[in-house]
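I opened the model to go through its fold, sheet and charged pairs. My notes follow in the order of the look-ups.

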Amino acid sequence: DPEYDIFWVISHGEFDHWSPHEVKLHIARDGSTAALEEVWERTPVSSNRRLLVLNVCDGGRFEEVGFVPRVGLAPGLAGPAQASISHLWPVMPFPSAAFGAYLAHFLAKGSSYFDSYTETMRTIARHAQAVAEDLAALYGREFELTRRLTNRDEDWTPIEIAGSAAFFE
């Protein structure tokens, strides 16, 4: 629907490195999936550009050897009418949720899609408790994610955590 300027999916993605053209996005608890070829041509035709956020494992992954980068969910769905953001590899639930909270925060403040993405990448690369304190300052201590992060002793600065997301145009 071209009426929406942001389309956001929080789920699970699967990327088979031996069959990269069979990338899938889980869309329901019953195990239903959407394959790349089913959503490839669903990007709206519009004079406005929208953002597709796939907060899913492997949604930004694509096969680099012998294929064009369009063989992957987020890279394949990006184009003139739609930018996309997704994770390049499997991600842990709490950093992924915090990534989504920050991205939504910066988008809601009116930052551009790319600026929101870069600010989120910069902000997430800290200790989980520092992220919890920051989110508490933004949304209060009763925010469920804030409460859960307060008790986590995790360093989110390594690239496998803080560098998982990618932006595609």
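In what order do the elements of the protein chain run from the N terminus on? I read β-β-β-β-α-β-α-β-α-α-α-α-α-β. That gives seven helices and seven strands, taken as DSSP runs numbered from the N terminus (helices: H or I, at least four residues; strands: E, at least two).

Notes on the source. This is a predicted model, in which local features need pLDDT of at least 70 and side-chain atom pairs count only at pLDDT 80 or more, while totals for chains, interfaces and linings use all residues. Residues are numbered from 1 along each chain as its sequence is written, and side-chain values use heavy atoms, with hydrogens and water left out.

Whole chain. I looked up burial and found that 47% of the 169 residues count as buried (buried is under 20% relative accessible area, exposed over 50%, partly exposed in between; 1.4 Å probe, protein chains only). The accessible surface comes to about 9,200 Å², with 55% of it on carbon and sulfur atoms (Shrake-Rupley method, 1.4 Å probe; for residues, only the protein chains shown count as cover). For contacts with a separation of 6 or more, 68% join residues 24 or more positions apart (contact: heavy atoms within 4.5 Å).

Sheet. I traced an open, antiparallel sheet of three strands in the order β2-β3-β4 (two strands pair if DSSP finds at least two bridges between them). β2 (13-14) and β4 (33-35) are the edges, each with a single partner strand, so one side of each has no neighbour in the sheet. β3 (residues 24-26) pairs with β4 over three bridges, and His 26 has Thr 33 of β4 as its bridge partner.

Salt bridges. My search of the whole structure gave seven (a side-chain nitrogen of Lys or Arg within 4 Å of a carboxyl oxygen of Asp or Glu). I noted these among them:

- Glu 119 and Arg 122 have their closest N and O atoms 2.3 Å apart. Both lie in helix α4 (residues 113-124), three residues apart, about one turn of the helix. Glu 119 is partly exposed at 26%, whereas Arg 122 is exposed at 55%.
- Glu 133 and Arg 141 have their closest N and O atoms 2.8 Å apart. Glu 133 is partly exposed at 39%, and Arg 141 is partly exposed at 48%.
- Glu 142 and Arg 147 have their closest N and O atoms 3.8 Å apart. Glu 142 is exposed at 65%, and Arg 147 is partly exposed at 41%.
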